[in-house]
Amino acid sequence: GLIFYDTKVTVMNRVLNATVQRTADHAAPEITLDPLEIVGGEIRSCENSYFCQAARQLSCVPSSQLCVKLASGGDPTYAFNIRFTGEEVHGTSGSFRHFLWQVCKELQSSSLSLLLLCPSSAVNKNKGKYILTPSPITYAEEQLFHFFGQLLGIAIRADVPLPLDLLPSFWKTLVGEPLDPDLDLQEADILTYNYVKKFENISDETELEALCAEIASQHLATESPDCPNKPCCKFTYLSLTGEEVELCPRGRHIPVGWENKDVYAAAIRSLRMRELQTPECMTAVRAGLGSIIPLQLLTTLTPLEMELRTCGLPYINLEFLKAHTMYQVGLMETDQHIEFFWSALEMFTQEELCKFIKFACNQERIPFTCPCKDGGPDTAHVPPYPMKIAPPDGAAGT
């Protein structure tokens, strides 16, 4: 917390450039994607997604081949080149950025089951934020989580912010920071948080009975074996993926009473914390990330800084964009149509601005730090900077 973010980024960039393993005399690995597999936007099966098509083809490429120097001016060096079946594309930037954008869309849809919408989303808290799906994973899923980690590292080296919306608990676990049992539970699953709080705050047995009766009305409790008319809860709870799990051995047969209500609340809380940390999935993600960037770098970053470095800001800062714009031959910032252009952009909503950026450079988010100091034409720019505005190619006219 004592080091400025810019300083951390400078150190990080030096380390990334010092750990390059693919030099200029090596050809970039190339993968071929079939856009027809995902035509119409609806992916028929997860194997056809760009994510799985790429994971399959890159699984036999040594990760050292993907460790390239940081992107800088011109057409940068990317971890791999992409060829789309039946399409002729000049340069590598556009298709690479489009690929990353499409993959993030797939990860945050129902076609891949690696990420799960956080339960708080259902009650309008942290709407649209995702967590890793907490469930035992197969070998194939472990490979996909590994590839997901590699993509995070590839995006950092390419300086293309990924449009991913993940809960802070994901970034905390990634950089190795412990989760807060109150705050992180509330962020991810506010209904469970409130449920646990109710049990923790009960002051006498009558309140406990009333609470069990309330839960029984929501079909979560059963009748007590001792008094058939008295509802009671058992030591079970629903996991984030919707299965009923026992909170202790033979939990289905243990009723919650005055003596053990705190144990019950603590067991639910630790179930959720375990699910948020998803050790098996996170180990695979970190292994993937570590094959592209040295994991020691994460020790200097806070979870928020790691998110900023990987995903950028989810909004477009027009002033920053203006400072990183070049006007080509004969154009000036004071030209009337240039002024019209900027005032038109100022009227856009953030959503429209993201679409404009996607249209202009095939990525929705722009890096919000740039090694150039003042946006001058001769300083080191990170693509998609500088934005270039050129005169029309055709004959002069109105």
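Helix 9 gives the most to the lining of the largest cavity, with three residues. The model is predicted: local features need pLDDT of at least 70 and side-chain atom pairs count only at pLDDT 80 or more, while totals for chains, interfaces and linings use all residues. Residues are numbered from 1 along each chain as its sequence is written, and side-chain values use heavy atoms, with hydrogens and water left out.

**Cavity**

The structure holds one cavity of 30 Å³ or more, and about 50 Å³ of space lies in the largest cavity. A cavity is a set of points, on a 1 Å grid over the protein atoms alone, where a 1.4 Å probe fits but cannot get out; lining residues have an atom within 4 Å of a point. The lining is formed by Ile131, Leu132, Ser169, Phe170, Glu275, Leu276, Gln277, Thr278 and Met282. Two or more of these residues come from each of strand 4 (130–132), helix 5 (168–175) and helix 9. Helices (H or I, at least four residues) and strands (E, at least two) are DSSP runs, numbered from the N terminus. By class, the lining has five nonpolar, three polar and one charged residues. Ala, Val, Leu, Ile, Met, Phe, Trp, Tyr, Cys and Pro count as nonpolar, Asp, Glu, Lys and Arg as charged, and the others, Gly among them, as polar.

**Helix packing**

Axes are lines fitted to C-alpha atoms, for helices over the stretch in contact, and angles run from 0 to 180 degrees between N-to-C directions.

| Helix pair | Angle | Axis distance |
|---|---|---|
| Helix 7 (190–200) and helix 9 (261–277) | roughly 160° | within 8 Å |
| Helix 2 (50–58) and helix 3 (93–107) | about 115° | 8 Å |
| Helix 4 (139–158) and helix 10 (279–290) | about 45° | 6 Å |

Helix 7 and helix 9 are therefore roughly antiparallel (angle over 145 degrees). Helix 7 contributes Thr192, Tyr195, Val196, Lys197, Phe199 and Glu200 to the contact (heavy atoms within 4.5 Å), and helix 9 contributes Lys261, Asp262, Tyr264, Ala265, Ile268, Arg269 and Arg272. This contact of helix 7 with helix 9 comprises six nonpolar, one polar and six charged residues.

For the pair of helix 2 and helix 3, Tyr50, Phe51 and Ala54 of helix 2 touch His98, Phe99, Gln102, Val103, Glu106 and Leu107 of helix 3. Six nonpolar, two polar and one charged residues make up the contact of helix 2 with helix 3.

Helix 4 and helix 10 are oblique to each other. Glu142, Phe145, His146, Phe148, Gly149, Gln150, Leu152 and Gly153 in helix 4 meet Cys281, Ala284, Val285, Ala287, Gly288 and Leu289 in helix 10. The contact of helix 4 with helix 10 has eight nonpolar, five polar and one charged residues. Oblique covers the angles left after under 35 degrees (roughly parallel), over 145 (roughly antiparallel) and 65 to 115 (roughly perpendicular).

Notes
1 Å grid on protein atoms, 1.4 Å probe; cavity = no way out; pocket = protein on both sides within 12 Å on 5 of 7 lines; lining within 4 Å. Points joined across faces, edges and corners; volume = space filled by probe spheres on them.
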